[in-house]
Amino acid sequence: MKAGTAVVLGPGGPVGTAWLAGLAAGLRREGVDLGAADLIVGTSAGAIVGAILAVGGDLERLAALPAPADPGDGARPAPPRPDPRRLAEVFATLGDTGLDRTEALRRVGRLALAASTGDEGAAVARMRSVIGSAEWPDRALRIPAVDAETGEAVVWDRHGSASLPEAVAASTAFPATAPPITVDGRRYIDGALRNGTNLDLAADASLLIVAEPMAHMHGTNDVAAEGVVRLVPDAEAIEAFGPDLSDRAAWAPAYQAGLRQAPDAVKTLRAHSAIT
């Protein structure tokens, strides 16, 4: 892989997580380890897969939907369930073109704090189990989140105050679907609210490899094509996803779709001289 390479992994809910994991696992089988990049930026779903890549974890463990983490008392809490009423308000607020962006984020943050979405400790434990590590790797990994009260963004790395599981849990905490995560007394929500895939966090890289599970729904982030290689779900993958990216029943089909796309992704990377 080229020097100065950054891998940017975007959001996409549980289904997007599975597709990213399958794609990255398939690339490893083809001899291409995205974890060897100089920088990994992971947002929401991408934060989970980016963390596993950065710590050198086993992506093939995600071929099946991970079981809930055991908090230590033998009980396995179920994954958080969305709060439908609050979630409808979240989408209405984010779609309100009359609102300043920061004010919109403050409002959805309040909705997130008021929603019934389970215990944040269980959410952090689940991420620790999925990642397979509680410690930040000694390499460049950036994970964004948004302060639920102020609407301001934070970007964590190994020098920050969040543990790796806390950072990932916060970056995946979409309002009204998962509990906000507390770090140093502040509550944080999904990093995609900062700036979608957050390509700007890798702006200094000479080559960007961008994997965007939601490209078919929202398009790709607006960035110059030179020096950027995009990996997006193909038609078969989109069919495997189904209409709801939060549908955990689509996890295994989405993972297999990512795995199947890997050989073509290698061709794409080689065509752009991203790998040798």
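A: Aspartate 147 touches Glu152, Arg186, Arg187 and Tyr188, leaving aside residues up to four places away in sequence; contact means heavy atoms within 4.5 Å. This is a predicted model, in which local features need pLDDT of at least 70 and side-chain atom pairs count only at pLDDT 80 or more, while totals for chains, interfaces and linings use all residues. Residues are numbered from 1 along each chain as its sequence is written, and side-chain values use heavy atoms, with hydrogens and water left out.

With arginine 186, the side chain of aspartate 147 makes a polar contact to the side chain at 3.0 Å. A polar contact is a pair of N or O atoms within 3.5 Å; within protein, one must be able to donate a hydrogen and the other to accept it, and residues adjacent in sequence count only if both atoms are side-chain atoms. Aspartate 147 counts as buried because its relative accessibility is 7%, buried being under 20% relative accessible area with a 1.4 Å probe and protein chains only.

Aspartate 147 lies in strand S3 (residues 141-147); strands are DSSP runs of E with at least two residues, numbered from the N terminus. S3 pairs with strand S6 (residues 186-189) in the antiparallel sense over two bridges, where pairing requires that DSSP finds at least two bridges. Within this pair, valine 146 stands opposite isoleucine 189 of S6.

S6 also pairs in the antiparallel sense with strand S5 (residues 181-183), over three bridges. Here tyrosine 188 in S6 is the bridge partner of isoleucine 181. The hairpin of S5 and S6 has two residues between the strands, and aspartate 184 takes a positive phi near 50° in this hairpin.

Technical notes
Helices (H or I, at least four residues) and strands (E, at least two) are DSSP runs, numbered from the N terminus. Buried means under 20% relative accessible area, exposed over 50%, partly exposed in between (1.4 Å probe, protein chains only).
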